[in-house]
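Here is a short report on one chain. Confidence comes up alongside the geometry.

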Amino acid sequence: MSTNTIRFLAVKRAFSSSQVRLEGHDGILPSRPTWSIQVIFEKHSEDTETQISDNELHHLLRLSALPIPKDLAEQQRMKKDLQSQLKFVKAIQELDIPDSVKPLQSIRDETEDGMKEREITVESLADEFAKEEVVGSRGRIRKKKGMKALEEEEEKWDPLA
């Protein structure tokens with residue numbers, strides 16, 4: 001195994017770039033919201049298609065491997081949440097979207113700068129490679145000994161931050 005082997009390490013921000021560009025808006029954002037979620041809920045307030053029965057709720061919970069509600073109040077809360085989510089999805093599906101709007105492919109910066117920032121190269125990993133050494137007759141790569149500060153830093157790392 002050569003030392004040029006690329007490993008996946010989080011050395012840069014993965015889903016954003018330093019520059020944000022607004023395409024199709026000439027860089028101008030509206031000063032006030034142009035729509036409200038309350039309007040959606042008022043429009044679909046008595047929609048019978050979004051009514052969820054107890055059997056349907058239990059079926060969905062089983063399919064998603066979620067626990068069955070402990071009491072009637074929790075069950076009613078779950079049904080209310082699910083119904084509001086269904087109303088929102090239905091309202092989104094009813095939107096008249098022009099053909100000029102491209103569908104969202106992913107929630108990350110797809111601009112050239114964003115792609116370049118996420119790119120992993122040997123140069124971007126040079127600091128990480130410097131923390132390793134080749135040992136043994138088979139050329140295993142191991143972390144260099146005596147790097148206590150690095151080990152403590154890795155222990156403090158929060159994967160959910």
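## Helix H1 and Phe41

Helices here are DSSP runs of H or I, at least four residues, numbered from the N terminus. Phe41 sits in one of them, helix H1, which covers residues 37-43. The model is predicted.

Leaving aside residues up to four places away in sequence, Phe41 touches Ser84 and Lys87. Phe88 lies 47 residues from Phe41 in sequence. In space, the C-alpha atoms of Phe41 and Phe88 are 7.5 Å apart.

Strand S1 spans residues 132-135 and strand S2 spans residues 140-143. They pair in the antiparallel sense, over four bridges.

## Confidence

Mean pLDDT for the protein chain is 76, and 73% of the residues score at least 70. Among the elements, helix H2 (residues 54-63) has the highest mean, 93. Helix H6 (residues 148-156) has the lowest, 67.

Two stretches need care. Residues 1-14 stay under 50 in pLDDT, and the model gives them 26 contacts beyond four places in sequence. Residues 16-23 also stay under 50, with 15 such contacts. Where pLDDT is low, the predicted coordinates should not be read in detail.

Notes:
Residues numbered from 1 in each chain as written. Predicted model: local features only at pLDDT ≥ 70, side-chain atom pairs only at ≥ 80, totals over all residues. Heavy atoms only, no water. Pairing = 2+ DSSP bridges. Helix = DSSP H or I, 4+ residues; strand = E, 2+ residues; numbered from the N terminus. Contact = heavy atoms within 4.5 Å. pLDDT = per-residue confidence, 0-100.
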